[in-house]
Amino acid sequence: MPTEHKLLIRALRGETLTRPPFWFMRQAGRYLSEYRATRTQAGSFLDLCFNPDLATEVTLQPIRRFGMDAAILFADILLIPHGLGQALDYREGEGPILEPVRSVAELAQLRMDDLHERVAPVYETVGRLASELPDNVALIGFAGAPWTVATYMVEGRGSRDHAIVKQWAYADPDGFGRLIELLVTATVEYLSRQVDAGAEAVQLFDTWAGALSETAFRRWCIEPVQQIAVQLRRKYPELPIIGFPRGVGAGYKTFAQAGAVNGIGLDWTVPLEWAAAELQGSNAEGKATLQGNLDPRLLVIGGSAMETEVRRILRILGHGPFIFNLGHGIVPETPPEHVDRLAEMLRG
Ligand code: CP3
């Protein structure tokens, strides 16, 4: 089936559908026993990301079980730093650990030259998925947005206060800007290859956008995402792009007005009536297709608490271009039966 007929793509082009398409961030992962089995078979998490057979398998697992309208490539946002030569390790129970980059001098050790070679298996996974996915399922490629990727590169791990990366960004914006510039270039390259291999839409995850003040949000989140979108559109004028600036509150309006993306992922704190009135609509009006925003905790809880909220989201956001998703990723303790029930509600 050509891309244009897939519900996800139609929604991203601005159509309001009677049944909104759905997929879930982190839909492949530890909450599924079949993922845990494949993960053990692969060895480390990075081995899994770089094994096209197994990465294809884990991407397809949730689709087989729940029939989502889109598959998201199985990979990670930190594969770009790895591709640039930064040492990266994922430790059980600790998450990612990187050799920190905290100055322009340290930045000079990273290079674009080997990027494609170092992440080549990811492109191969995209190619396989493009040929193996059912005809009605869209394939989403992704990358981290530059700010969020930079937080891990500079802090060297996940952080609560982002003190070290903010120190650099706020005190030496020109130096930090060079890291962001490198990430813009690398992200355009990386996503272009995903599109060439068969990705039909791309999402930029800006998980830590909400950590920044207003001015810094414009400079380190909106501007780089806009640059990436403009450069991708030059090559792929029809490519749908989804931005997910998590936790930015009223900043979602500024993000929408920047007009860089077709779709905007809402976190679960965003007031829905406000989002429907202010953010949802066509790109021409400085608006976008909305995607979101069930609190992943409600998917852990299930039952009527979940179902009431799902109906509220559909009632309020279902009258414009909309994709049902969560407000952030599925957590490992989620019972798969709850995902089953949610998928059943959404398939109608
Ligand atoms: O199913 C999908 O959504 C596709 C795969 C995907 C993963 N990570 C797999 C993964 C996607 C889209 C991501 C994005 C990602 N990675 C983000 C942005 C979205 C978000 O969740 O905020 C971020 C910040 C990362 C960085 C990252 N990767 C962290 C902080 C961790 C450790 C925390 C954790 O959940 O373990 C990872 C590891 C990771 N990425 C796992 C998976 C399935 C778990 C690894 C394992 O199997 O042990």
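## Close-up views of a predicted model

**Around T187.** Setting aside its neighbours within four places in sequence, T187 is in contact with I80, A143, G144, L204 and I228, where contact means heavy atoms within 4.5 Å. Welcome to a predicted model, in which local features need pLDDT of at least 70 and side-chain atom pairs count only at pLDDT 80 or more, while totals for chains, interfaces and linings use all residues. Residues are numbered from 1 along each chain as its sequence is written, and side-chain values use heavy atoms, with hydrogens and water left out. T187 belongs to helix 10 (residues 173-197); helices (H or I, at least four residues) and strands (E, at least two) are DSSP runs, numbered from the N terminus. T187 counts as buried because its relative accessibility is 1%; buried means under 20% relative accessible area, exposed over 50%, and partly exposed in between (1.4 Å probe, protein chains only).

**The whole chain, for orientation.** The protein chain has 16 helices and nine strands. Its radius of gyration is 19 Å, close to the 20 Å that the globule rule gives for 348 residues, so the chain is as compact as a globular protein of that length. This radius is taken over C-alpha atoms, and the globule rule is 2.2 Å times the number of residues to the power 0.38. Along the principal axes, the C-alpha atoms fill a box of roughly 55 × 45 × 40 Å. Buried residues make up 59% of the 348 in the protein chain. Take the contacts between residues at least 6 apart in sequence: 74% of them join residues at least 24 apart.

**Y35 and F74, a tilted aromatic pair.** The structure holds 11 aromatic pairs. One of them joins Y35 and F74, with 5.7 Å centre to centre and 50° between the planes, which makes the pair tilted. This pair links distant parts of the chain, 39 residues apart: Y35 sits in helix 2 (residues 33-42), and F74 in the loop between strand 1 (70-72) and helix 5 (79-83). Rings of Phe, Tyr and Trp (its six-membered ring) pair if their centres lie within 6.5 Å; planes under 30 degrees apart count as stacked, over 60 as edge-to-face and the rest as tilted. Y35 is buried, with a relative accessible area of 5%, and F74 is buried too, at 8% relative accessibility.

**W168 and F176, an edge-to-face pair.** The rings of W168 and F176 lie 5.6 Å apart, centre to centre, with 70° between their planes, and form an edge-to-face pair. Are these two residues, W168 and F176, buried or exposed? W168 counts as buried because its relative accessibility is 6%. F176 is buried as well, with a relative accessible area of 0%.

**Helix 8 and what follows.** How many of the residues of helix 8 are buried? The count is 10 of its 10 residues, and helix 8 is described as mostly covered. Among these buried residues are W147, Y152 and M153. After helix 8 comes G156, whose phi is positive, near 85°. Further along, H162 lies in the loop between helix 8 (146-155) and helix 9 (163-171). H162 has a positive phi of about 55°, although it is not a glycine. With a relative accessible area of 2%, H162 is buried.

R26 has a positive phi of about 60° and is not a glycine. The loop that holds R26 runs between helix 1 (7-12) and helix 2. R26 is exposed, with a relative accessible area of 52%.

**E117 on helix 7.** Look for E117 in helix 7 (residues 115-132). E117 counts as exposed because its relative accessibility is 66%. From C-alpha to C-alpha, E117 and L183 are 17 Å apart in space, and they are 66 residues apart in sequence.

**The cis bond at N293.** Which form does the peptide bond from G292 to N293 take? This bond is cis, with omega near -15°. N293 is part of strand 8 (residues 289-294).
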